[in-house]
Amino acid sequence: MDKKDEKEKIGVYVCHCGTNIAGVVDVSEVSTWTAENLKDQGVVISRDYKFMCSSLGQELIEKDIKELGLTRVVVAACSPHLHEKTFRNACSRAGVNPYLFEMTNIREQDAWVTTDKAEATKKAKSLIGAAVGRVAYQQPLESLLVPIDSNVLVVGGGIAGIQASLEIANSGQHVYLVEREPSIGGHMAQFDKTFPTLDCSACILTPKMFDAGNHKNITMLTWSEVEKVEGYIGNFTVTIRKRARDVEESLCTGCGICWEKCPKKVVDNVFEAGMGNRKAVYTPFPQAVPNYPVIDRENCTYYLKGTCKACEKFCPTGAIKFNQEDEILTVKVGNIILATGFDLFDSRKITQYGYGRLANVFTSLEFERMSNSAGPTAGRIVQRDGKTVPKVVGIVHCVGSRDKNYHEYCSAVCCMQSLKFAHLVKEKTGAEVYEFYIDMRTPAKTYEEFYHRLLEEGTHFVRGKVAEISDATRLPGEEGKLIIQVEDTLTGNQLRVPVDMAILSAGLESRHDAKEVAQKFGISCSADDWFIERHPKLDPVATMTDGVFVAGACQGPKDIPNSVAQGAAAAARVLSIIGQGEIEIEAATAIVDEVTCVGCKQCVASCPYQAIQYLEDKGKAYVQEALCKGCGTCVGTCLPKSITLKHFTDEQIVAEMIGAMRVMKSFELMEVA
Amino acid sequence: MKEFAYFPGCSLEKMASSYHLSAMETTKKLGVKLNELDDWNCCGATTYFYIDELLAYTLCARNLAIAEKTGLDVVAPCSACYKNMFFTVAHLKKDEDLAEHVNFALEEDNLHFSGNVNVKHLIEVFAQDIGPDELKSKITKPLEGIRIAPYYGCQIVRPQKEKEDVEQPQFFEEIISAIGATPVNYPLKMRCCGGSLIISSRTAALTMVRNLLQSAVDNQATVIATACPMCQVNLEVYQQQVNLEFGTNFSVPVMYFTQLVGLALGLSHKKLGIGKEFVAMAPSLLAIGQE
């Protein structure tokens, strides 16, 4: 890998980035200095230009390549994250291999972090010195093209996952939709009305569920979980565990006789949020998709005592199959969309709010079920005794959100949800309603209007964080009530509000197993365990792992419209990749020198992407290029130095350092002189 | 045998001598040794920190420096002493300048405080170091059928220790269950008793006491258990004044938790300092321990 014999011709381009760089770095001085001082390093031309990334800037490079016969190019501008690809393409168009281009960052790493202009200018020069030193040793590389499998895996059958699946399936591609629960629908299926339009949640959701369930391009795998993901963009192999339903899907007609006859009542802590019962053989709700039930083995009398089998006896089609085994399926997909949703914050953690201790404290999800006409109280809003209609109701915002003891972030949906609750309570019971809020956050189309509607409906708004909900009644007439203690921060008064019912607008938090799921799919989580997107503004549904996308509340708290938008967005991203047919894989990958490799397997264990195989027949390690992300971890672990990371060879890095040091040394000599 | 440095505090010398007696007797019975600090001084109580912070810290630090020499954790039976000592350790650890000033003063006494002492409230010794299971196993006369209202007061859990539930603690209830009695669940168990407010604002203080007594009585408490001499005085001694002021008719005994634990351990009234109450003990309690 020696430096080419014939003299390299290097072109250097210094970008002003408007005033982003030129405001601090003397760019024209840097450019002239480069031309004079780095001549002996092979620099034949050095220019500065207002916006190198503009088409005129790129044309400048292409023209020089053609006219001056440049063999290598250095651009000193912003971060390679932003424009490395732009300039690589420019080089490529003019006939220079894109890997003979080097970008050095004099914006984020210089101009933006240095105030002293002279220092910033000096730093720019040494950075360019380093890049020029390095570029001479760079090797032309060819990117690998891999074909894209057009099948798609969607994980999570809530509204975001359903939307993504339908978009992809409608375009003619095949989707595997994996859902952990017995039915798709997610949280949206549990809600009563949706804000701010107050249309019935189930009414707008079930048609979509039905479409997904009957789509010829969707293979629905409910009561199933992804166990293992191998491979890379375009070529994932996914192992899915389809848990035993104990119901033969091909025979079941969903008639419901089994759960009618099942004698075992179980408190439904998932769908009914503990407010209602289901049977041991059940579908979570009447409109479930698919509509065949599952047997809950933990509660089924047959599994507990070995008797009963009522469901089997009465099933007209003989679909009940006790002791079914889990099925393990392996599917091949090219892209994956994660839409795994959220968990509700556990209000028990805030002991001073009394949830779980004081009967008439409800969570938001409990209220949704109660208000739902298909729910446990048939839509009647009543106290925990199941009959008393509350006369005064307090709704507490930010339970677990915007609180450094629990979650610092705003859960985004609770203000609107609480306003909806206030409306429903008033409409159904005529009760006095108090909203206790910290700040009212209604920033979306027609949301603020909904807030005004509530103001006019006569809801009492108290701005203050609730200190405590207790049963510390004292005055006549308060017996049996809850006392909400709060400071009204607008008047500065302490308020003591007796209510019959308190509703806690609990925040949204990441799924309890979000970390494990992230690890399974090779993506990362934020400090709060939300999945991290590739770019918070410009790439909100992609992740740093190619071919894995996120949609809906698994990426952060989100309401229904935003979840649907993300589901569709992720589908569009996936379809665009499928449309390309094949995809280019980064060429800067690791390569094993088979002559010196001793087969110690250290690298195999160190690789975070499982990209290194141990070839038993040869006794050597082998890097699968399509899987390798070029992180370099294996290079560091390889004792005999048999692994080289292409584009980051020792030679190149040393040349880069020498380049920088040479420039810094010249500054020192100048100062001495 | 578990051993602790013991800082009784001024109240336990006279006003709360029954707390001191019962603390010593019950711990002895439970295999815990309390070594009273040599030459201790007042902790600064509720007011001194608002008058001269530096001197108040020095007062506390002096006791802590003496305790530090023993190498034992220091235990305070009074909530105010506990809180003052706990915060003094925390502040002196964080604020080097303050520690330097305080230690300069302590030099006069040939003392030095370096912050290596763990401060505990006496009730923590029962709740954690002894623990409800061990306590239960030593009980000879379980207080069956007696409804005890655990009165935490406001200071025991105010210095929040790691992961401690400061809003709805349960350790007092666990002690009460361990001695065979029924803990009363009442909403004001953590509310302030008024502290020394009775001196400056009598009506406000009496209202606070009234609300506390009412809440306990409404929930059928036979007796209120406290872990602080200040709380005990406010709730018991001022009961008559509350009755006069508000026309109520309270007559609920307020006892130290150590006295109740002592009864269950089979200790005599004399050893527990019982017999000096302002509000007579409930007959059901009186029957226990009378040989």
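In this predicted model, the side chains of A:Lys465 and A:Asp403 meet in a salt bridge, with N and O 3.5 Å apart; the term covers a side-chain nitrogen of Lys or Arg within 4 Å of a carboxyl oxygen of Asp or Glu. A:Lys465 sits in the loop between strand S23 (460-463) and strand S24 (466-470) of chain A, and A:Asp403 in the loop between strand S21 (392-399) and helix H11 (414-429), so the pair ties together parts 62 residues apart in sequence. Helices (H or I, at least four residues) and strands (E, at least two) are DSSP runs, numbered from the N terminus. A:Lys465 is partly exposed at 35% relative accessibility, whereas A:Asp403 is buried at 10%; buried means under 20% relative accessible area, exposed over 50%, and partly exposed in between (1.4 Å probe, protein chains only).

A salt bridge also joins A:Asp246 to A:Arg297, at 2.8 Å from N to O. This pair links distant parts of the chain, 51 residues apart: A:Asp246 belongs to the loop between strand S12 (235-242) and helix H7 (257-261), and A:Arg297 to the loop between strand S16 (294-295) and helix H8 (301-305). A:Asp246 is buried, with a relative accessible area of 0%, while A:Arg297 is partly exposed at 34%.

In chain B, the closest N and O atoms of the salt bridge between B:Glu124 and B:Lys161 are 2.8 Å apart. B:Glu124 is buried at 8%, and B:Lys161 is partly exposed at 22%. Shared partners also join A:Glu102, A:Arg134 and A:Glu656 into one network of salt bridges. Over all chains, the count comes to 40 salt bridges.

Turning to the cysteines, one disulfide (a pair of cysteine sulfur atoms within 2.5 Å) is found over all chains. This disulfide joins A:Cys200 to A:Cys203, with 2.3 Å from S to S, and the link is right-handed, with 85 degrees about the S-S bond. A:Cys200 is partly exposed at 25%. The sulfur of A:Cys78, a buried residue at 7%, is 6.3 Å from the closest cysteine sulfur, in A:Cys17, too far for a bond.

Residues are numbered from 1 along each chain as its sequence is written, with chains lettered from A and ligands numbered from 1 in the order in which they are written. Local features need pLDDT of at least 70 and side-chain atom pairs count only at pLDDT 80 or more, while totals for chains, interfaces and linings use all residues; side-chain values use heavy atoms, leaving out hydrogens and water.
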